Amino acid sequence: MKTRKLSKIFDIKGKVAIVTGAGRGIGQAIASDLAGFGASVVIADMDLKNAQKVAREIEAAGGKAIAIKTDVSDNKSVDQMVRRTIEKFGRIDILVNNSGIMSRCMVMDMKEEELERTLEINLKGVFLCSQAVAKHMIERKGGKIVNMGSSMSSRGSVCNLSGGGADYCASKAAVQAFTRTLAMELAPCGINVNAVAPGITNTPMHEGLWEGAKLYYENSVPLGRMAEPEDIADVVLFLVTDAARYITGQTIHVNGGQIMVD
Ligand SMILES: NC(=O)c1ccc[n+]([C@@H]2O[C@H](COP(=O)([O-])OP(=O)(O)OC[C@H]3O[C@@H](n4cnc5c(N)ncnc54)[C@H](O)[C@@H]3O)[C@@H](O)[C@H]2O)c1
């Protein structure tokens, strides 16, 4: 039997990663995981103060990170972020399209502009960042892209209880469909494209959430609790290592078993 050096398979030391929406929540946990395992990380977030705080924390722990103010829904902002990443670190190996917003509006109350804003950030943002970064990955003949979907992409949601509105659910289903086709297009270039679909996760996105809704979720999740950001980040970490080299175009569900019972 061939002997394999397993530590090599999980090694991301020296890789360069961009994580969008990494100023807090799940993105922050992903950035910390990647930096903790030796990658240089770009914290790309609309909220520069939060992004700088996360970068400082990573550096204080001995990692490498820079904060870049980025609006993923704006072409120029995305191009500038990618240019600054290349200037600073010379290449891009990993892109995590994590930034997203959640609306909680019922369809009959939803304004056209609200729907457009959700799609601009949650879907167009994934498109703009993927296109800008994939150009470099194609030149280098390799890379890993992970997009953030949601368990709400495949089930109905009660948005005034705790879920997202129909615009949010549709945007996440679109991200997962986008992931499959991008994976087909980039497979010949050695680039893996996957999505992670979290269930309800304890982040500032749910600040102010009705306590009863939290209890409902805790009781309905087979593993007995909401996810913590690290539960999601660890799966993203796996997907960007060589251990996941034969996985592409997939959505990995991380929800404590919740979609089995809903
Ligand atoms: N928390 C959950 O329960 C949950 C469940 C499923 C999926 N998700 C998805 O996971 C991702 C992260 O969620 P979270 O709970 O950490 O959210 P969060 O609200 O805590 O953090 C989102 C981050 O994205 C940034 N952001 C928003 N708009 C941006 C833009 N235009 N450009 C750049 N950055 C922008 C925010 O500033 C913020 O730092 C999102 O895509 C979300 O839809 C979250």
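In which strand is the place of S40? S40 sits in strand β2, residues 40–45. The model is predicted, so local features need pLDDT of at least 70 and side-chain atom pairs count only at pLDDT 80 or more, while totals for chains, interfaces and linings use all residues. Residues are numbered from 1 along each chain as its sequence is written, and side-chain values use heavy atoms, with hydrogens and water left out.

Stay with S40 for a moment. S40 counts as buried because its relative accessibility is 7%. Buried means under 20% relative accessible area, exposed means over 50%, and partly exposed lies in between, with a 1.4 Å probe and protein chains only. From S40 to M152 the C-alpha distance is 32 Å, and the two are 112 residues apart in sequence.

Now turn to helix α2, residues 25–36. The expected span of a helix is 1.5 Å times one less than its number of residues. The twelve residues of α2 should therefore span 16 Å, and the end C-alpha atoms are 17 Å apart, which agrees. The helix is mostly covered, with nine of its twelve residues buried. Among them are G25, I26, G27 and D33. Just after α2 comes G38, with a positive phi of about 100°.

Next, the ligand. The space it takes is the largest pocket. A pocket is an open set of points on a 1 Å grid over the protein atoms alone, where a 1.4 Å probe fits and protein lies on both sides within 12 Å along at least five of seven lines. A molecule sits in a pocket if more than half of its atoms lie within 2 Å of its grid points.

Which residues come nearest to the ligand? Of the 26 residues around it, D45, N98, Y168, T203 and H206 do. A residue is near a molecule if one of its heavy atoms lies within 4 Å of it. Polar contacts are pairs of N or O atoms within 3.5 Å; within protein, one must be able to donate a hydrogen and the other to accept it, and residues adjacent in sequence count only if both atoms are side-chain atoms. The side chain of H206 has an N or O atom 2.6 Å from a ligand oxygen. For the side chain of K172, the distance to a ligand oxygen is 2.8 Å. T201 uses a backbone N or O atom, 2.8 Å from an oxygen of the ligand. The protein covers 95% of the 830 Å² of accessible area that the ligand has on its own. Such areas come from the Shrake-Rupley method with a 1.4 Å probe.

N98 lies in the loop between β4 (94–97) and α5 (112–140). At 10% relative accessibility, N98 is buried. A polar atom of its side chain is 3.1 Å from the backbone oxygen of G21.

In β4 itself is V96. V96 is buried, at 0% relative accessibility. N147 is 51 residues from V96 in sequence, yet their C-alpha atoms are 5.9 Å apart.

Finally, look at K141, in the loop between α5 and β5 (143–148). K141 is exposed, with a relative accessible area of 67%. K141 is not a glycine, but its phi is positive, about 60°. Most residues other than glycine have a negative phi.

Notes
Helices (H or I, at least four residues) and strands (E, at least two) are DSSP runs, numbered from the N terminus. On a 1 Å grid over the protein atoms alone, a cavity is a set of points where a 1.4 Å probe fits but cannot get out, and a pocket is an open set with protein on both sides within 12 Å along at least five of seven lines; lining residues have an atom within 4 Å of a point.
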